[in-house]
Amino acid sequence: MNQESIEAAITSLPICDYAFLEIKDIPFREEVRHICRTECSRYGKSWSCPPAVGTVEACRERCEAYQGGFLFTSMAEVPDLEALEGTLAARTEHEQITRQVRDMFLGEGQEVLVLSTESCAICEHCTYPDAPCRCPDRMFPCLEGFGILVTGLAEHCGIAFLSGNNLVTWFSLILYRDRTLS
Ligand code: SF4
């Protein structure tokens, strides 16, 4: 994997901060899953969220099948940080950036698992649990839904986690492995 190529390519995108990381440094926490279960209105409503994504241990095992990670952020202004639906709508540009970064890794001959911020919002009504996901290639599971402590990972990587004044920081994590190894 040519990290320099990725670093050169992302200069064309409105990415605030980024870091390459080792899979062993990703903090998986049952407490994060507990917050999904008890505080998030999207729990049990999407293929991108728990319980559909499996246990935290299963999510960890999926991630450990990759060689490295690339964490990056973009920022957006939202009308009201407390209003989940409006906040999710403001995430569209971040998801487009995430697809572009994913494609850069694919262009480097990598297989990827892409995790992004919040629950998938591609369809107006998610098919979960009655029918398969309509867009499994475009849907990015939620970072926190995997049990990942995003603040801890950002701190480990030296990435700022800014919010307030209606500004929100969106995170995505691209896990990659050389296609020739599969
Ligand atoms: S792409 Fe559609 S069906 Fe799949 S997780 Fe997202 S909202 Fe649900």
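Nine nonpolar, three polar and one charged residues make up the shell around the ligand in this structure. Keep in mind that this is a predicted model.

**Around the ligand**

- In total, 13 residues surround the ligand.

**A closer look at Trp 47**

- You'll find Trp 47 in the loop between helix 2 and helix 3.
- Is Trp 47 buried or exposed? Trp 47 has 21 C-beta neighbours inside 10 Å, so it counts as buried, since 20 or more is what a residue needs for that label.
- Setting aside residues within four places in sequence, Trp 47 is in contact with Ala 52, Cys 120, Cys 126, Tyr 128, Cys 133 and Met 139.

- Four strands form an open sheet with antiparallel pairing, and their order is 1-2-4-3.
- Which strands are at the edges? Strand 1 (17–21) and strand 3 (110–116) are, as each pairs on one side only.
- On average, and ignoring direction, neighbouring strands of this sheet are turned by 20 degrees against each other.
- Strand 1 and strand 2 (residues 68–77) run antiparallel and are joined by five bridges.
- Take Ala 19 as an example: its bridge partner in strand 2 is Leu 71.

**The nonpolar core**

- The largest nonpolar core has 35 residues.
- Several elements give two or more residues to this core, including helix 2 (30–39), helix 3 (56–64), helix 5 (92–107) and helix 6 (150–157), along with strands 2, 3 and 4.
- Which element gives the largest share? That's strand 4, with seven residues.
- Among the residues with the most contacts inside the core are Phe 70, Leu 71, Leu 115 and Ile 174.

**A closer look at Leu 115**

- Leu 115 is found in strand 3.
- Leu 115 is buried because 27 other C-beta atoms lie within 10 Å.
- Not counting residues up to four places away in sequence, Leu 115 touches Phe 140, Pro 141, Cys 142, Leu 143, Phe 146, Ser 172 and Leu 173.

Terms used. Residues are numbered from 1 along each chain as its sequence is written. This is a predicted model: local features need pLDDT of at least 70, side-chain atom pairs count only at pLDDT 80 or more; totals for chains, interfaces and linings use all residues. A residue is near a molecule or strand if its C-beta atom, placed from the backbone, lies within 6 Å of it. Ala, Val, Leu, Ile, Met, Phe, Trp, Tyr, Cys and Pro count as nonpolar, Asp, Glu, Lys and Arg as charged, and the others, Gly among them, as polar. Two strands pair if DSSP finds at least two bridges between them. Axes are lines fitted to C-alpha atoms, for helices over the stretch in contact, and angles run from 0 to 180 degrees between N-to-C directions. A nonpolar core is a set of buried Ala, Val, Leu, Ile, Met, Phe, Trp, Tyr and Cys residues joined through C-beta atoms within 7 Å. A residue is buried if 20 or more other C-beta atoms lie within 10 Å of its own, exposed if 12 or fewer, and partly exposed in between; C-beta atoms are placed from the backbone. Two residues are in contact if their C-beta atoms, placed from the backbone, lie within 7 Å.
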